[in-house]
Amino acid sequence: MKRQGVCGATAETIATRNFVRMVAAGTSAHSDHARGVAELFLATARGEVPGYSIKDEQKLYQIALDIDVPIENRSVQEIAIDVGERLLAEFGRQQGELYFVKRAPLKRQERWKKLGITPRGIDREVVELMHRTHMGVDQDYRSLILAGARCSLADGWGGSMISTELQDVLFGNPVPLRGQINLGVLKEDEVNVVMHGHEPLLPELMVVVSQDPELQAYARSKGAKGINLAGMCCSANEVLMRHGIPVAGNFLQQELAIVTGAVDAMVVDVQCEMQALADVAKCYHTKVITTNPRAKIQGAMHIEFDEHHGPEVAKRILREAIDNFPNRKGKAVLIPPESHDMVVGFSHETINYLLGGLFRASYRPLNDNIINGRIRGVAGVVGCNNARTTHDSAHLTMIKELIKNDVIVLTTGCAAMACGKAGLLTPEAAAKYCGPGLAEVCEAVGIPPVLHMGACVDNSRILMAATAVVKEGGLGDDISDLPAAGAAPEWMSEKAIAIGQYFVASGVFTVFGTTFPITGSEETCKLLFEELEEILGGKWAFEPDPEKATKLMLAHIDKKRKALGLDKARERVLYDMAMRRQLEAI
């Protein structure tokens with residue numbers, strides 16, 4: 001007889017409730033971030049907030065077309081207001097389906113509709129899933145998993161995608177640029193301000209106002225040579241890929257930055273800030289400054305960010321840091337010399353351009369090289385650092401093995417930063433680490449074998465890239481047909497579970513490391529690790545050993561290649577211009 005709780009709840013019910021509650025929490029984190037972006041975007045369009053503007057009009061037009069906002073004979077402001085109002089309404093939508101769901105391959109949309117998991121409104125899906133997991137409501141673990149899939153899709157194809165798209169319009173669509181990473185980017189003779197968190201709204205203004213001649217002069221009056229901004233976690237990814245602001249480190253380096261004794265202020269917003277920061281800062285001179293009303297830390301200074309007075313708030317924060325510079329404890333300043341160059345900023349649109357050129361932007365070269373075997377497949381390796389593992393080791397073990405086997409890697413978040421510190425985000429890495437096929441492609445295009453695509457919310461860029469590959473043709477008609485896999489080998493947050501679930505629900509085989517929250521139920525494990533592939537086209541796997549996890553990914557990629565008829569060796573042909581024209585005419 002099965003073990004049951006006093007109410008009769010079985011292990012699969014309890015484990016699945018806990019799992020999908022993590023999905024709901026992760027979805028709410030990404031989507032609440034997106035709500036703030038949408039509100040700022042709309043206020044910008046209406047001219048209500050100083051310091052912000054529409055920087056990418058072309059992307060605004062594309063979004064408008066995707067969500068049925070007319071653009072002909074209308075001003076940028078009129079279009080932006082309609083886009084802002086329509087996307088802000090996605091959070092409270094009660095019926096129908098989210099606009100960006102229409103971006104998915106048609107076959108994927110049909111599968112979602114057949115299963116009844118097409119997301120309606122973002123907030124509705126989170127609230128309903130939390131209700132379902134209350135005692136005495138949904139007690140069928142299969143039903144709960146599908147509800148969790150729908151909620152997660154409201155993240156990947158809803159909140160996260162809204163956030164990414166509107167941030168690109170407001171702050172500029174990322175393009176490849178060089179940056180630096182690791183604690184060596186801190187400067188002993190300048191005021192060091194570390195921007196830590198996940199929302200780029202304030203950091204964008206801090207980048208601008210830090211160049212103010214008055215603030216620079218004020219810094220010099222305190223004995224500093226200038227103001228040095230550095231990023232931490234995903235706020236770092238945001239300002240790195242748009243402005244080249246250096247990155248001090250990823251999640252597990254936030255305390256280490258303070259321990260250098262060189263950080264005059266650590267400015268935090270939301271998500272992944274350790275409560276211990278305030279206690280660590282007491283041992284040094286660092287001011288920890290919280291800025292978001294949703295995220296306060298006992299013992300930290302709080303200066304609330306108000307977008308209606310954004311530049312003034314940013315200047316006030318920088319003045320606090322400058323005033324703190326003289327309080328450094330002399331010989332206690334010890335900055336490690338390590339820093340590394342990297343190339344970042346590969347948005348979906350940028351990859352399209354790099355592969356096909358300005359006038360013929362296309363994913364065709366990627367598809368062709370997957371078909372001809374130079375590229376074995378595509379992997380998304382994303383997610384957090386985890387204190388249960390050696391810092392960055394699982395990410396790097398997995399990614400180096402993937403590119404050695406000719407699998408091109410797309411990466412975001414803390415995983416992307418791990419790659420930067422290891423030298424994997426430069427074109428030169430291809431010759432050093434890649435198999436011959438992938439190295440050849442990277443050299444021809446001039447890209448790294450690991451593409452930095454941004455912050456946690458920017459995993460939606462990977463969804464768009466996968467969809468573009470499907471629509472380009474030759475590799476099936478759904479994301480689940482692609483020789484592709486995903487992984488988060490060092491995950492630790494509920495956001496990661498939400499991300500994993502929306503990739504699985506979108507048709508991607510997804511492997512997580514460290515621990516997994518449903519292993520107490522054999523039935524739930526069987527559903528997620530085996531049966532879900534038949535239902536959703538994607539499935540989960542749990543493997544804490546990154547080498548074994550990589551083998552699972554490669555086996556899945558090879559399975560998909562075989563299903564597409566790509567498992568046989570193909571003769572490589574160097575096409576001359578006449579042959580190319582003939583193919584184009586077909």
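In the predicted model, the second largest cavity has a lining of 17 residues, and Gly383, Cys384, Cys456, Ser493 and Lys495 are those that lie nearest its centre. Two elements, helix H9 (233-243) and helix H20, each give two or more residues to this lining. Of these, H20 gives the most, with three residues. The space in the second largest cavity amounts to about 140 Å³. By class, its lining comprises 13 nonpolar, three polar and one charged residues.

The largest cavity contains about 410 Å³ of space. A total of 36 residues line the largest cavity, with Val378, Ala379, Gly380, Leu410 and Ile462 nearest its centre. Helices and strands both take part in this lining: two or more residues come from each of the helices H13, H14 (364-371), H19 and H20 (494-505), and from each of the strands E9 (377-381), E10 (407-411), E12 (484-488) and E13 (509-512). Strand E12 gives the most to the lining of the largest cavity, with five residues. The lining of the largest cavity divides into 31 nonpolar and five polar residues, with no charged residue.

The elements giving two or more residues to the lining are four helices, namely H2 (57-66), H6 (141-171), H13 (348-356) and H19 (459-472). Helix H13 gives the most, with five residues. In the lining of the second largest pocket, six residues are nonpolar, nine are polar and eight are charged.

Helix packing was described for the pair H4 and H21. The axes of helix H4 (residues 106-115) and helix H21 (residues 522-536) come within 10 Å and cross at roughly 110°. Because angles of 65 to 115 degrees count as roughly perpendicular, H4 and H21 are roughly perpendicular to each other. Helix H4 makes the contact through Arg108, Arg111 and Leu115, while H21 makes it through Glu533, Glu534, Ile535 and Leu536. The residues of this contact comprise three nonpolar and four charged residues, and no polar residue.

At the level of the whole chain, 23 helices and 14 strands are present. The C-alpha trace spans about 75 × 70 × 55 Å along the principal axes of the chain. A compact globule of 586 residues would have a radius of gyration near 25 Å, and the chain, with 24 Å, therefore agrees with that expectation.

Technical notes:
Residues numbered from 1 in each chain as written. Predicted model: local features only at pLDDT ≥ 70, side-chain atom pairs only at ≥ 80, totals over all residues. Heavy atoms only, no water. Axes fitted to C-alpha atoms, helices over the stretch in contact; angles between N-to-C directions. Parallel < 35°, antiparallel > 145°, perpendicular 65-115°, else oblique. Contact = heavy atoms within 4.5 Å. Nonpolar A, V, L, I, M, F, W, Y, C, P; charged D, E, K, R; others polar. 1 Å grid on protein atoms, 1.4 Å probe; cavity = no way out; pocket = protein on both sides within 12 Å on 5 of 7 lines; lining within 4 Å. Points joined across faces, edges and corners; volume = space filled by probe spheres on them. Rg over C-alpha atoms; globule rule 2.2 N^0.38 Å.
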